[in-house]
Amino acid sequence: MPYTSNTPLNNMQVRNHYSFPARIAWLLAFVCGFILVVFGWHMYPVVDGDAFYFIPTMKTFALTGNLENKLTNFSYELDPKGLGRFLFYVPAFPYFIGKIAALLGRTSYKDVVVILAVVRVLSLIVFVKTMLIVVQRLDTKGKNMLIIPMVLLLIVSNAFFLFATNGRPEILSILVISIALFVEFALKIDWLKHLAIQGCIGILFPVSLASGFIALSFYMFYIFFQPKSIFQKISLVAYASLIALIFLLLSYFLSGVDIQDGIAGLREHSRAQLLYHTQTGLNLLLKFWGSFFLFFLLALIDCIRSLRSHFYNNKVSFLDKLWLLVTLIIITLCLFVFGLRAASIRYNFYAFLPLYQILALRLMLQSSISQSRILI
């Protein structure tokens, strides 16, 4: 919990401890956000890769109200009616960005990319706020000199990990997951916290099915640590799944895409992915995962430490152990299907960078606090 005291003097001392690194953090976040928007305005880095499937769809929807991309044969191949509609992915991401562009009356490619850059800036703001909450809770007296460099490193790496011109749904997923993390650390009412997290998971499914399934498996791991019965834990996952189904159906309804055609497109795209995207191996995995593997590894270590502590400090029932086993199997399956089956599809785990970073920060702070405290 945050450091508190009955004396105004001690409260003022705590605020002074955190005002300096917080001011630096927000200043750096502002600079990084400004750079992201400027890069988006100049459409830099060059738009390529999967952006060709998403950004033209957003522009077309902003202009015509139709989710379609007639610039690629892929759209026609996956459309049962041969109309070139956007069917190879769930529709919420291009629909949401295209809708904003239409409402603003900004319908050029540059406008769409700038909107994506603003979404990245919003996710950075939410991440920085969450990170500062974590820092205040773990370093209650503000005496750890590692805080400032760690905070600055995390801000820069979070901001420039994914540029707007990438064009993929992970741009929006990162924002949703950042909000879920903020909810976890900021809300105090348990049922409201779970409802908000379930809502975030539900939103992820119509944005990216992969992000949704991964988030749901991570949520199962999260509630393993909750002092709840197995029935309550199953109910929480069931509620999250129901919300996800409602949001998924709603996304097809709002976007005007026939759900049967949408499912057909998803099925054909998934089949093609499984058949043709299979290149993997240690060299390729190191190449594609290298950009965020360190944070992923530190987050994994933090989770292992949390498991050890939980088993040591609590009497874990057989049913809870069974829940954990099932959860770990599901997470492993998600990791293989969406990340390791083909090294190039590691982008499915991009969206969870804020989670890896917060867990890495917690690990580093707890490790440094347990070893020594250096006055600043």
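Colleague: What percentage of the residues in the chain are buried?
Modeller: Please note that this is a predicted model. A residue counts as buried when its relative accessible area is under 20%. Of the 376 residues in the chain, the buried share is 48%.

Colleague: Which residues touch the most other members of the largest nonpolar core?
Modeller: That core has 113 residues, and helix 5, residues 109–138, supplies its largest share with 16 residues. The residues that touch the most other members are Leu-116, Ile-155 and Tyr-356.

Colleague: With which residues is Tyr-356 in contact, leaving aside its neighbours within four places in sequence?
Modeller: Contact here requires heavy atoms within 4.5 Å. With those sequence neighbours left aside, the partners of Tyr-356 are Phe-292, Phe-295, Phe-296, Ala-299 and Phe-349.

Colleague: What is the radius of gyration of the chain, and why does it agree with that of a compact globule?
Modeller: A compact globule of 376 residues would have a radius of gyration near 21 Å, so the chain agrees with this expectation. Along the principal axes, its C-alpha atoms fill a box of roughly 70 × 50 × 40 Å. The radius of gyration of the chain is 22 Å.

Colleague: How far apart do the centres of the positive and negative side chains lie?
Modeller: There are 30 positive and 15 negative side chains in the chain.

Note on methods. Residues are numbered from 1 along each chain as its sequence is written. This is a predicted model: local features need pLDDT of at least 70, side-chain atom pairs count only at pLDDT 80 or more; totals for chains, interfaces and linings use all residues. Side-chain values use heavy atoms; hydrogens and water are left out. A nonpolar core is a set of buried Ala, Val, Leu, Ile, Met, Phe, Trp, Tyr and Cys residues joined through side-chain atoms within 4.5 Å. Buried means under 20% relative accessible area, exposed over 50%, partly exposed in between (1.4 Å probe, protein chains only). Helices (H or I, at least four residues) and strands (E, at least two) are DSSP runs, numbered from the N terminus. The radius of gyration is taken over C-alpha atoms; the globule rule is 2.2 Å times the number of residues to the power 0.38. Lys and Arg count as positive and Asp and Glu as negative; His and the chain ends are not counted. The place of a charge is taken as NZ of Lys, CZ of Arg, CG of Asp or CD of Glu.
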